[in-house]
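Subject: A structure for you to look through

Hello,

Here is the structure I promised to pass on to you. Have a look at it first, and then read on for what turned up.

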Amino acid sequence: MTGLMQLGAGQTAAAIVTLREVLIRAPFHAAARRNLIRALLAARDFEAVIAETSIALRHAPESAELHFLRGTACNALSRPEQAREALTTAIALNPNFAPAWLNLGNALMDIDDLNAAETHCRRALELAPALIEAHVSLGFILTAQTRLPEAIATLEGAIRIEPENVHAHWNLATASLLAGDLPRGFKEYEWRKRHDLFRRDFINLPGRIWDGSDPNGQTILVHAEQGFGDTIQFARYLPLIARRGGKPILACDPSLIPLLKTIEGAQIVSKFDTLPHYDAWIDQMSLPHVFGTTSDTIPSAAGYLTANPELIALHRAGLPPGKCVGLVWAGNPVHRNDRRRTPPAEVFAPLLAQNDWHFVSLVPYQTLPGIAQPARPLTDYAETAALIAAVDLVVTVDTSVAHVAGALGRAAWVLLPYAPDWRWRLDRDTTPWYDSLRLFRQPSPSDWRSVMATVGAALAG
């Protein structure tokens, strides 16, 4: 009983210890094992959940809850096929189990079966209209289907039910930004600081948080967060602080410093070193919110970074004669959405067969057949920027190189999935964030071949 009471009181770690001790003394205590699995799920120890459900299901194969718990853990570990199998079994055993319908919808979402995902999520809501997670997931699914007005209305409804639901606010931020409502989107984007996926990116620095008020005469520390592309994209706000009389300092990853130090009026330091004195600080991706950014007031869309001329000359000297494309065919594999934004390598083959262009790798230490290696290793973003400045065109998936090219004002074509990241909007081939970028979109989920055909025709034209 003690373990169950601890679990009910939110003392998850203590409950796990207690329940494991019970199982040492009584290995076949079914209730103790089931409560242990619940505690492990609450603790996000998903591998342990799968291990424990394997044991429990030997003795209770007809338990819908055990199959549900197993499927939920598989979902969390990005194993959608295993999740689908477990959750389908849970529903077969208990067709009125609303959370199983919801989580099966989430698993189907992860394999881009959007219509089935929506159907399952709506079934969960029929069975349990107050199931807040189903409202939130439905809003996410509708966003992925690019049905933004419906998504926004659904998420607003979720927030009316539970005003402090972090995931509802985060999904509303994404849908609003994708729809181009930047003021609302960036206001809701502040909820990222409470989201379980992003909390690790934030540290509580001492001192006052800057709210966008007059920075004249003050040093404002801007702390980088999330990915390198985000840091590059939002570095455009540093000169705005300087022009208002402030001294901006950006604390970021060291590999970005050689490139970002070219920004007007800003000091760039490593976020891993002792930070210099400052009067107030702000998380970097809060800058669009405090500046009240709209689609018409995005700063420095023509570019705000400069590549090193000496490095440009060195890279240019190593290029093959004729027109050259710098190619990025893959994003960071640890990115949680990389499988959607990185095409299969083989779909690039027709593109690489273009006779009028030479292709040079912009992916450090990797290559594909038909792609030349750069003259110098791409050891940091200053080297990458120099190669971008040396080639005639960049063709890239949605990764940090797109932001480097745009921030340099260099021509780049960006290959986008059907449901793109919020910053690329919908139904357009340009972006207000970067004047020099051209966007090539999937006409339907997973259809990279159509994208490559369009890019190939544009290169040939």
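Before we start on the helices, here is how to read a crossing: an axis is a line fitted to C-alpha atoms, for a helix over the stretch in contact, and the angle between two axes runs from 0 to 180 degrees between their N-to-C directions. Please also keep in mind that this is a predicted model.

With that in hand, take helix H4 (residues 46-59) and helix H5 (residues 64-76), whose axes come within 9 Å and cross at roughly 155°. Angles over 145 degrees count as roughly antiparallel, so H4 is roughly antiparallel to H5. Their crossing is left-handed. On the H4 side, the contact is made by Phe46, Val49, Ile50, Thr53, Ser54, Ala56 and Leu57. H5 brings Leu66, His67, Leu69, Arg70, Ala73, Cys74 and Ala76 to that contact. Sorted by class, the residues where H4 meets H5 are ten nonpolar, three polar and one charged.

Now move along the chain to another pair. Helix H6 (residues 80-93) packs with helix H7 (residues 98-110) at an angle of about 155°, and their axes are 9 Å apart. H6 and H7 are therefore roughly antiparallel to each other. H6 passes H7 in a left-handed crossing. From H6, the residues in this contact are Pro80, Ala83, Arg84, Leu87, Thr88, Ala90 and Ile91. They meet Ala100, Trp101, Asn103, Leu104, Ala107, Leu108 and Asp110 of H7. By class, the contact of H6 with H7 has ten nonpolar, two polar and two charged residues.

H7 has a further partner in helix H9 (residues 132-144), where the angle is about 20° and the axes are 10 Å apart. Which way do H7 and H9 run relative to each other, parallel or antiparallel? Angles under 35 degrees count as roughly parallel, so H7 and H9 are roughly parallel to each other. This crossing is left-handed. Leu102, Asn106 and Met109 of H7 touch Glu133, Ala134, Ser137, Phe140, Ile141 and Ala144 of H9. Six nonpolar, two polar and one charged residues make up the contact of H7 with H9.

Next come the sheets. Strands of a sheet pair through backbone hydrogen bonds, either parallel or antiparallel. If you look for Arg208, you will find it opposite Ala280 in E5.

Strand E9 (residues 412-416) pairs with E10 in the parallel sense over five bridges. Within E10, Phe440 is the bridge partner of Leu415.

Where does Arg425 sit? Arg425 lies in the loop between E9 and E10. Leaving out residues up to four places away in sequence, Arg425 touches Leu177, Leu178, Ala179, Gly180, Ser295, Pro420 and Arg441. Arg425 and Arg243 are 182 residues apart in sequence, and from C-alpha to C-alpha they are 29 Å apart in space.

Finally, step back to the whole protein. There are 22 helices and ten strands in it. The C-alpha trace spans about 70 × 55 × 45 Å along its principal axes. For 461 residues, a compact globule would have a radius of gyration near 23 Å, and the 25 Å of this protein agrees with that.

Enjoy exploring it!

Best wishes

Methods: Residues numbered from 1 in each chain as written. Predicted model: local features only at pLDDT ≥ 70, side-chain atom pairs only at ≥ 80, totals over all residues. Heavy atoms only, no water. Helix = DSSP H or I, 4+ residues; strand = E, 2+ residues; numbered from the N terminus. Parallel < 35°, antiparallel > 145°, perpendicular 65-115°, else oblique. Left-handed = near helix turned anticlockwise from the far one by under 90°. Contact = heavy atoms within 4.5 Å. Nonpolar A, V, L, I, M, F, W, Y, C, P; charged D, E, K, R; others polar. Pairing = 2+ DSSP bridges. Rg over C-alpha atoms; globule rule 2.2 N^0.38 Å.
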